[in-house]
Amino acid sequence: MDFSRRLDDLEQRVEATKAAVQAAATESREQLRQRIDQAQQDAKDAQQRAQQRVDQAGDRARGKFAQMKADAAAKMDDIQAKIDRRTRQLDADMAADEAAWVEADAADALDYAEWAVDNAQLAMLDAIDARAYADDLAKAASS
């Protein structure tokens with residue numbers, strides 16, 4: 001497994017995300033809607049890629065990844081519903097409260113992303129160790 005390539009891809013996505021968030025801070029709401037629509041499509045594409053990897057990994061991974069996919073889909077639906085509701089909202093105080101909740105959700109998403117990176121690191125190190133152990137056993141058996 002080429003973990004370095006996957007990590008490089010992830011790093012590029014994080015940099016693109018950082019640039020998009022920085023640019024979004026100065027954009028109009030219409031521009032933000034377009035950016036959000038694109039981000040939702042990107043998230044759906046990522047889910048499809050993850051599903052392809054799950055399908056390749058077999059049954060042992062299906063349960064965990066199926067749950068993660070369902071959670072991600074539910075979160076995307078929730079975000080879309082919040083966006084739609086916010087568009088209809090007129091009260092400034094309610095909008096400020098909603099902004100605080102959404103900012104908290106974004107902070108939670110970043111916390112989850114940090115956890116996911118830590119978990120991915122542990123999983124990759126475990127995979128590398130398992131492969132090294134298997135290779136050592138194969139060498140010993142052939143000696």
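Arg-35 has 29% relative accessibility, so Arg-35 counts as partly exposed. Keep in mind that what you have up there is a predicted model.

Let's stay with Arg-35. Its salt-bridge partner is Glu-27, and the closest N and O atoms are 2.5 Å apart. Glu-27 is partly exposed too, because its relative accessible area is 22%.

How many salt bridges does a search of the whole structure find? Seven. Another of them is Arg-5 with Asp-2, where the closest N and O atoms sit 4.0 Å apart. Arg-5 comes out at 44% relative accessibility, so call Arg-5 partly exposed. Asp-2, at 41%, counts as partly exposed as well.

Now the pair I'd like you to look at: Asp-105 and Lys-82. Their side chains meet in a salt bridge, 2.4 Å from N to O. Asp-105 belongs to helix α4 and Lys-82 to helix α3, residues 59–88, so this pair ties together parts that are 23 residues apart in sequence.

What does Gln-40 touch, if we skip residues up to four places away in sequence? The contacts are Met-76, Ile-79, Gln-80 and Ile-83.

Leu-7, Leu-10, Val-14 and Val-117 make a nonpolar patch of about 320 Å². Which helix gives the largest share of that patch? Helix α1, residues 3–24, with three residues. Leu-10 is in helix α1, and at 37% relative accessibility Leu-10 counts as partly exposed.

Last stop is a patch of negative charge on the surface, where Asp-108, Asp-111, Glu-114 and Asp-118 gather. If you're looking for Asp-118, go to helix α4, which covers residues 92–142.

That's my tour, so over to you for questions.

Key: Residues are numbered from 1 along each chain as its sequence is written. This is a predicted model: local features need pLDDT of at least 70, side-chain atom pairs count only at pLDDT 80 or more; totals for chains, interfaces and linings use all residues. Side-chain values use heavy atoms; hydrogens and water are left out. Patches are made of residues with over 30% relative accessible area and no salt bridge: like charges are joined within 9 Å, nonpolar side chains (Val, Leu, Ile, Met, Phe, Trp, Tyr) within 5 Å. Accessible areas come from the Shrake-Rupley method with a 1.4 Å probe; for residues, only the protein chains shown count as cover. Lys and Arg count as positive and Asp and Glu as negative; His and the chain ends are not counted. The place of a charge is taken as NZ of Lys, CZ of Arg, CG of Asp or CD of Glu. Helices (H or I, at least four residues) and strands (E, at least two) are DSSP runs, numbered from the N terminus. Buried means under 20% relative accessible area, exposed over 50%, partly exposed in between (1.4 Å probe, protein chains only). Contact means heavy atoms within 4.5 Å.
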